[in-house]
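Thanks for passing this one along. Here is a short note to read alongside the coordinates.

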Amino acid sequence: MSSLLAVDIGWGTTTAIKTLVVLGVVPLTALLLGYIFLLKMMSHMQSRLGPMDPGGFHGWYQLIGDGIKFLQKEDIMPAEADRKVFALAPAIVVMSTFLVFVVIPAGPRMVVRDLDVGVFYALAVSSLSVIGVLMAGWASSNKYALIGALRAAAQLIAYELPLVLAVVGVVIQTGTMSLQGIVGFQQDGAIFGFSGIGLPLILTQFVGFAIFMVAAQAELTQPPFDMPVAESELVSGYMVEYTGFRFLFFFIGEFGTAFAFSALAATLFLGGWSVPGVHGTAADVLGPAVLVVKVLFVAFLMFWARFTYPRFREDQLQALAWKWLIPIALANILVTGVLKVAF
Amino acid sequence: MKREIKGMLTGLGITFRTMTRPAVTVQYPHEREHPAPRARGVIALKEENCTVCMLCARSCPDWCIYIEGHKEQRPPRREGGKPRNVSVLDRFDIDYALCMYCGICVEVCPFDALFWSPEYEYSEPRIADLLHDKDRLGEWMATVPEPEPLELGAESKGKKK
Amino acid sequence: MTTTQPPGGLPEVEIDPAALRQLADARMNIELDTGDMILNLGPQHPATHGTLRLVVRLDGERVIAADPIIGYMHRGYEKLAEYRTYPQITTLINRIDWLSSFANEVPFIHAAERLMEVEAPPRAEYIRTILTELSRIATFLLFLGEMGLQVGAITPAFYGFRDREYVLNLIEAATGGRFHPNFNRIGGLKDDLPWGFIAECRSVMAKVMKSCDEFEDLVVGNPIFQQRTRSIGIIPAALGASYGVSGSNLRASGVDWDLRRDGPPYLVYGDLDWKVWTHPDGDSFSRYWVRLQETRESARMILQMLDALPTGPVMAKVPRIIKVPEGEAFVNTENPLGEMAYYVVSKGATGPFRVKIRSASFSNVSILPWLLRGCYVPDVVTILASLYFILGDIDR
């Protein structure tokens, strides 16, 4: 990165720039996903138009206006709430979102830090949000929030396992946990000798992709797995006592994490920023755009399921994870390992 | 298992299909829907027909019509006749904050002085402004539609204006 | 830990191994006893269709006891009726079950007509039936949508409201009011149908049938919905009948009883060729399924009636100022929510002396304490949605 502009700007400045980029990109991605899918796609699936007036052109300003509105609201804390924990909970949720963006590559050199254990790091860090959710539910001193938080704890922990196991198949096939390495594998790969589109791992790891999508849906507490936030029962579950900018943090956390998981899925299974044949600086410029397109496709699948299906009950949810997803993921790992060694 | 997967996929198909079709939203206030001619939007008063009989005010379930009138003497219509007593309307207010839009007043009026109009855009920032007085009610007469033709097989005719 | 033994040793007791397991579980539960939590599904809650307060006692996620508290929407209809005339009361009772408001007026007007010994002309009865069935379709379309919403799918609710708009526009074209038609008068109807109503009604019925097919694909066929609603909230037929549960709720438990066919004849249901839908299961799914089929059946009934609409007046000869003679009349009808009945006592004045309203939802809700025991919290929401009560109907 420091040689990109043929100017030596040193490690400190580079890190500062990267931090600022991540801080700016995450809310932007939340906005983008929120506008396209939550406001427009959901509306059209429900035979209505969504916001049209704010900003004049199809209401593009709606979420920005919502953000400003949230920022200027009164900071209400329930009287019996645990003040420090109440204030800290949304920060932890958002922090885990930011940390995931550290390893997602948007180009051969457009990554904050390409860790050797990138996949492991990303999945580990994304599970920190469970603590934030539990803190939010407990500190709210509200029975509904408590029920939501406990459901969330059970659900998020249960679905961590299929999430990780689905990715293990990818790691076995590519032989590396570094996300840039996985992207490189897909870019340079070939399908029975034909290297036109590289080797997107979705072709061989379709089971893993399916399980990853289902588990990601559950990790984001989106319908059909939104028991913790069951809107018609708990009215926002663990977030029910949060207003103003704290609620904005949760919102950014939710959609930012949606983008992060979609980006992970795109990187692991669809080839990330890579277009076969494009390397070097051209890939640096094209990469982010390609990544966004792939992310939008994955997010479309996720949000499509979100708006169509009713929600699972907690025990049915757990049954799905433990009785179906984990055994299938383990079988996938077995088959991948055998095929990798055999071929 | 196959039935379940088919069930999940048909659901996705329906939402996808609805997404590709145009939305049904009518973007008020840029576009408007036009209610049926019989729609009960606002009540209009034709002052010259009113004889201050008070039937509408008495039959209103909410007592939202306020009427005041006085009697006057008018010269006789023909030569050598008696002077007539005529009721003159001083005040006729309908309080739309109370009105239930039931239509009993329009129905019981024996002299066809009250009419329904499908106008509905008269909301006010102040509740007190929802009390429409005689002149405003007279203005609504311009929006009263012509009595519409009835379906095949009907015998009764619509109200004359 | 040392245990003191009684002299002579412990007595020989034969313990059944199943009971031993239960004892062990009970001991475990006592050790883990976290205490019950009392949750107030308060008057303001998205799941309770209005201002119903449900105080549930929870053990974790299981309901131990549930207590519905009603009355937050009591508007005093029976007291109001003592001081109003018949046309005024007709206006007011529209608002008891506000989603199918035409159906509320019909039994009251029939009771008054019975006391006056006046019969509405056949065209009026046909149009009354058409409008009643239109209200039934309107309220059931909303049910089909919002039950999906309560179970978690946000999309069916919008489809329900969108398709309901067509039916409401029809009702508005005929009566002037979308929700509160106020169209019945003693002796017939206020007005005849406007020009173009029959053709419009036919096309709307076609849309309704298509919408029912959509609901069948989107909601009924969805395996998650089936998992959430099958075997949830089973009402045994005899118990339901003893609590006074009526309407589609009882038909979903297999009871083949519909007042339109089996009760004292009213309106023109006797002339039509239609079917009563029942389902043997009695769970939430069957309640949804029965109402879906009844929506389709209502659409077919309306098409039959449009073909067979007689000509003639819509109002019988009644005096201008209506004074209903002394007497009492009790009329019960099959409203969309269940069995609704009016008991009108008249002492010869322009208004009744006393009106007693038997509303369907009041009895439907009385089964909740029995029904909600032992189910999970999400099931509470499903059961409330499937019973389909309207607060205005419970509290009047």
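The points below cover the nonpolar cores, a chain interface and a helix pair.

1. A quick reminder before anything else: this is a predicted model.

2. Start with the largest nonpolar core, which holds 210 residues; A:A215 and C:A112 are the members that touch the most others. Helix 9 of chain A (residues 244-270) gives this core its largest share, 17 residues. Apart from that core lies another one of 21 residues, including B:A44 and B:V144.

3. What does C:A112 touch beyond its neighbours within four places in sequence? Its contacts there are C:Y86, C:I186, C:V324 and C:V344.

4. Next, have a look at where chains C and B meet: 31 residues of chain C are in contact with 29 residues of chain B. On the chain C side, helix 3 (86-93), helix 6 (155-175) and helix 7 (197-220) each supply at least two residues. Helix 7 of chain C has the largest share of that side, with five residues. By type, the chain C side divides into 13 nonpolar, ten polar and eight charged residues.

5. Helix 6 and helix 7 of chain C also pack on each other, at an angle of about 165 degrees and with axes 10 Å apart. Angles over 145 degrees count as roughly antiparallel, so helix 6 of chain C and helix 7 of chain C are roughly antiparallel to each other. The crossing of helix 6 of chain C past helix 7 of chain C is left-handed.

6. Among the residues making that contact are C:Y159, C:Y166 and C:L170 of helix 6 of chain C, and C:V204, C:V208 and C:F215 of helix 7 of chain C. The contact of these two helices divides into 14 nonpolar residues, one polar and four charged.

Conventions
Residues are numbered from 1 along each chain as its sequence is written. Chains are lettered from A and ligands numbered from 1 in the order in which they are written. This is a predicted model: local features need pLDDT of at least 70, side-chain atom pairs count only at pLDDT 80 or more; totals for chains, interfaces and linings use all residues. A nonpolar core is a set of buried Ala, Val, Leu, Ile, Met, Phe, Trp, Tyr and Cys residues joined through C-beta atoms within 7 Å. A residue is buried if 20 or more other C-beta atoms lie within 10 Å of its own, exposed if 12 or fewer, and partly exposed in between; C-beta atoms are placed from the backbone. Helices (H or I, at least four residues) and strands (E, at least two) are DSSP runs, numbered from the N terminus. Two residues are in contact if their C-beta atoms, placed from the backbone, lie within 7 Å. Ala, Val, Leu, Ile, Met, Phe, Trp, Tyr, Cys and Pro count as nonpolar, Asp, Glu, Lys and Arg as charged, and the others, Gly among them, as polar. Axes are lines fitted to C-alpha atoms, for helices over the stretch in contact, and angles run from 0 to 180 degrees between N-to-C directions. Angles under 35 degrees count as roughly parallel, over 145 as roughly antiparallel, 65 to 115 as roughly perpendicular and the rest as oblique. A crossing is left-handed if the near helix is turned anticlockwise from the far one by less than a right angle, and right-handed if clockwise.
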